[in-house]
Structure formats: structure tokens, C-alpha cells
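Open the model in your viewer and keep the selection tool at hand. This tour goes from a surface patch to a pocket.

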Amino acid sequence: MTVATSARIAATPDWLGVLRRYFLFSLIGHLLWEVAHIPLYTIWTEGSAGEIIFAIVHCTGGDLMIAFSTLLVALFLFGRSEWPRQRSMPVLLAAVAMGVGYTFFSEWVNIVVREAWAYRDIMPVIPVIDAGLTPFLQWLVVPTAAYLGATSPRAWWR
């Protein structure tokens with residue numbers, strides 16, 4: 001391999017690797033978060049072990065779809081061909097904002113309109129909008145950590 005070829009490869013954005021790492025980090029983060037905050041929902045006291053496990057797996061799968069959808073829309077709107085080396089923060093901010101917005105909408109639809117799930121009394125709730133605090137924090141923390149980990153220039157697995 002020539003020096004010019006090595007330089008060209010080094011200058012090429014690793015967008016596919018970033019997407020793969022984002023998927024992996026999102027999967028781990030959302031799964032851990034779902035396990036940690038499921039006791040704040042009524043299924044914890046009213047559901048069977050099988051129903052609780054199904055809810056965790058189902059919700060983690062939905063989280064992954066939301067995480068990837070919001071990232072792809074953010075890339076479409078704010079990304080450039082040099083991403084992730086350039087325009088990384090606007091993409092992250094847009095993806096997180098869309099994830100939080102969708103979460104508020106989904107919590108409202110599923111709790112108020114469909115009554116598909118409910119909070120226990122121990123769920124901290126954001127005043128005025130009556131949305132759970134932990135779903136809101138989940139969509140600030142997990143996508144941000146996954147994105148920063150996936151786009152880190154010091155990634156040891158490259």
C-alpha cells in the first residue's frame with residue numbers, strides 16, 4: 001500500500017463503522033435502561049415474569065427502531081458526506097431532539113389515549129406534561145452516550 005493510498009483511507013469517513021457501533025451501543029444502553037426502569041411501570045407488579053421479559057425485549061426493539069430512525073433523519077437533514085468527521089454535533093442534537101419528542105408523544109398516546117401501559121406511583125413525572133422522567137432521561141442519555149462512543153476518534157476496535 002502506498003503512502004497516498006494510506007492517507008486517502010485515513011481521510012475517508014468511517015460512517016459504516018460508526019453506524020454499526022451506534023447500533024451496538026444503543027442495543028446495550030436501551031436494554032439496560034429498560035431493565036432498570038421497568039419497576040416504575042405497573043407491569044412490574046401486575047404482569048407475569050414472561051410478560052415482563054416480553055415487555056423489556058419489545059421495548060428495547062422499539063427503542064432501536066426509534067434510535068436508528070431519528071439518527072437517519074438527522075443525517076439526512078444535517079449530515080454531510082464527511083460525516084462523522086464533520087457536522088457531528090448537529091446530527092447528534094437533532095437525533096436526540098427527535099427521540100425526546102417522539103418519546104413524549106408515545107408516552108402520551110400509550111398512557112392517556114390507548115391506556116396500553118401505566119406508571120406506578122413511584123415513577124417521577126415531569127410536571128405540566130405528565131410524562132415519566134425516566135423515559136425522558138433515557139432519550140437524553142442513551143443516544144448521546146451511544147453516539148459519542150460510536151463517533152469517538154479513539155475507538156479501540158477500529
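Start with a term: buried means under 20% relative accessible area, exposed over 50%, and partly exposed in between (1.4 Å probe, protein chains only). This is a predicted model: local features need pLDDT of at least 70, side-chain atom pairs count only at pLDDT 80 or more, and totals for chains, interfaces and linings use all residues. Residues are numbered from 1 along each chain as its sequence is written, and side-chain values use heavy atoms, with hydrogens and water left out.

Select F23. It counts as partly exposed because its relative accessibility is 38%. F23 sits in helix α2; helices are DSSP runs (H or I, at least four residues) numbered from the N terminus.

Next, pick L24, also found in α2. L24 is partly exposed, at 42%.

Together they make a nonpolar surface patch of about 430 Å².

Move on to the largest pocket. Which element gives the largest share? It is α4, with nine residues.

Notes
Helices (H or I, at least four residues) and strands (E, at least two) are DSSP runs, numbered from the N terminus. Patches are made of residues with over 30% relative accessible area and no salt bridge: like charges are joined within 9 Å, nonpolar side chains (Val, Leu, Ile, Met, Phe, Trp, Tyr) within 5 Å. Accessible areas come from the Shrake-Rupley method with a 1.4 Å probe; for residues, only the protein chains shown count as cover. A salt bridge is a side-chain nitrogen of Lys or Arg within 4 Å of a carboxyl oxygen of Asp or Glu.
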